Amino acid sequence: MTSNIRHKHLLGIQHLLADEITHILDTAESFKEILSRPIKKVPTLRGCTIVNLFFEPSTRTKLSFELAAKRLSADTVSVSASTSSVLKGETIIDTVKNIEAMRPSAVVIRHSSSGVPWLLAKHVECSIINAGDGINEHPTQALLDAFTIREHFGRLNGLKIAIVGDILHSRVAHSGARLFSMMGADVSVCGPVSLMPPKPEVLGVTVSKSLEDAVEGADVIMSLRIQKERQEKALISSEREYARFFGITSNVMAYAKKSALIMHPGPINRGVEMSPETADSEQSVVLEQVTNGVAVRMAVLSLLLAGSESQA
Ligand code: CP
């Protein structure tokens, strides 16, 4: 598979064009087929080394990048903040320059500060892949969400997608809204006023007055995790009240199309962001999102790195 996206790094959806997104999703489709085979491995990135550098907790993204790299025959190494020399006062730029001195092809980074992947991309030669930076972007999550939606509907164009919850702090919402609107979806957002960004329209979305308005006739309902770790003070009065006004339940789903998908990037706070019955319902594609994450990250890694000089 040859690289024909014009980028060395994947920093955010804002730098991708619609046809590049389509190409990543098409490539992920072929990798998903490989993942259904008994031997789920191809030699595409043999000789490459990918370093996962995670400064925030992660289950899905970290494991999925590791598996994607292994399925492509790359070597992988994972470093977490709690065991790195950042704890001894080393700067993030020095840390990544030292990692780069060991000649990896790419560094996959998750960090609590928005903009860190952009900063690193200016200081190092290897590819930088954003696995989530602060409240800013989570591009591979948006791509795997788009892949999941496209798998069900065959397209994104013309679909009504409602994103519900902590829009202000959700990098998933920011990357997703940008991607879905770029691909022609009609994206509405809904959440507590205290969790709404000052200018949501820059994401290409409309703001709904109520949850019912947002969900009315929707093809996709994406619920978001409340990002408590990014709230300096309490921005919702209580989880019980949040669940009452913004929790996705079967009553809320009755406003959407019968065929509507229920999505959540995980981890889910059951009973708050969505009821357990909704999370486990036939319309829920939450675990499909996780499955598709591996194929999408294989596509991203191969399109950025295949043919790079680090390969054997
Ligand atoms: N969706 C997501 O980013 O999950 P993790 O925090 O578990 O990686």
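## Around the ligand

In this predicted model, the residues around the ligand are Pro-57, Ser-58, Thr-59, Arg-60, Thr-61, Arg-110, His-138, Gln-141, Pro-265 and Gly-266 (a residue counts if one of its heavy atoms lies within 4 Å of the molecule). Local features here need pLDDT of at least 70, side-chain atom pairs count only at pLDDT 80 or more, and totals for chains, interfaces and linings use all residues. Residues are numbered from 1 along each chain as its sequence is written, and side-chain values use heavy atoms, with hydrogens and water left out.

A polar side-chain atom of Ser-58 is 2.6 Å from an oxygen atom of the ligand. His-138 also places a polar side-chain atom 2.9 Å from a ligand oxygen atom. At Pro-265 a polar backbone atom lies 2.9 Å from a nitrogen atom of the ligand.

## Helix 5 and its partners

Helices (H or I, at least four residues) and strands (E, at least two) are DSSP runs, numbered from the N terminus. Helix 5 covers residues 139–153 and helix 11 covers residues 286–305; their axes come within 8 Å and cross at roughly 115 degrees. Axes are lines fitted to C-alpha atoms, for helices over the stretch in contact, and angles run from 0 to 180 degrees between N-to-C directions. The crossing of these two helices is right-handed (the near helix is turned clockwise from the far one by less than a right angle). On the helix 5 side the contact (heavy atoms within 4.5 Å) includes Gln-141 and Phe-147, and on the helix 11 side it includes Asn-292 and Val-296. By class, this contact has 5 nonpolar, 7 polar and 4 charged residues. Ala, Val, Leu, Ile, Met, Phe, Trp, Tyr, Cys and Pro count as nonpolar, Asp, Glu, Lys and Arg as charged, and the others, Gly among them, as polar.

Helix 5 also packs with helix 6 (residues 171–182), at an angle of about 50 degrees and with the axes 8 Å apart. Helix 5 is therefore oblique to helix 6 (angles under 35 degrees count as roughly parallel, over 145 as roughly antiparallel, 65 to 115 as roughly perpendicular and the rest as oblique). This crossing is right-handed. Among the residues that meet are Ala-142 and Ile-149 of helix 5 and Val-172 and Leu-179 of helix 6. The contact of helix 5 with helix 6 divides into 8 nonpolar, 3 polar and 1 charged residues.

## Helix 3 and helix 4

The axes of helix 3 (residues 92–100) and helix 4 (residues 116–123) cross at roughly 50 degrees and come within 10 Å. Helix 3 is therefore oblique to helix 4. Ile-92, Ile-93, Val-96 and Lys-97 of helix 3 make the contact with Val-116, Leu-119, Leu-120 and His-123 of helix 4. These residues are 6 nonpolar, 1 polar and 1 charged.

## Two backbone details

Gly-266 and Pro-267 are joined by a cis peptide bond, with omega about -10 degrees. Pro-267 sits in the loop between strand 9 (261–263) and helix 10 (276–279).

Ser-73 has a phi near 70 degrees, a positive value in a residue other than glycine. Ser-73 is found in the loop between helix 2 (60–71) and strand 2 (75–80).

Technical notes: Polar contact = N/O pair within 3.5 Å; in protein donor to acceptor, adjacent residues only side chain to side chain.
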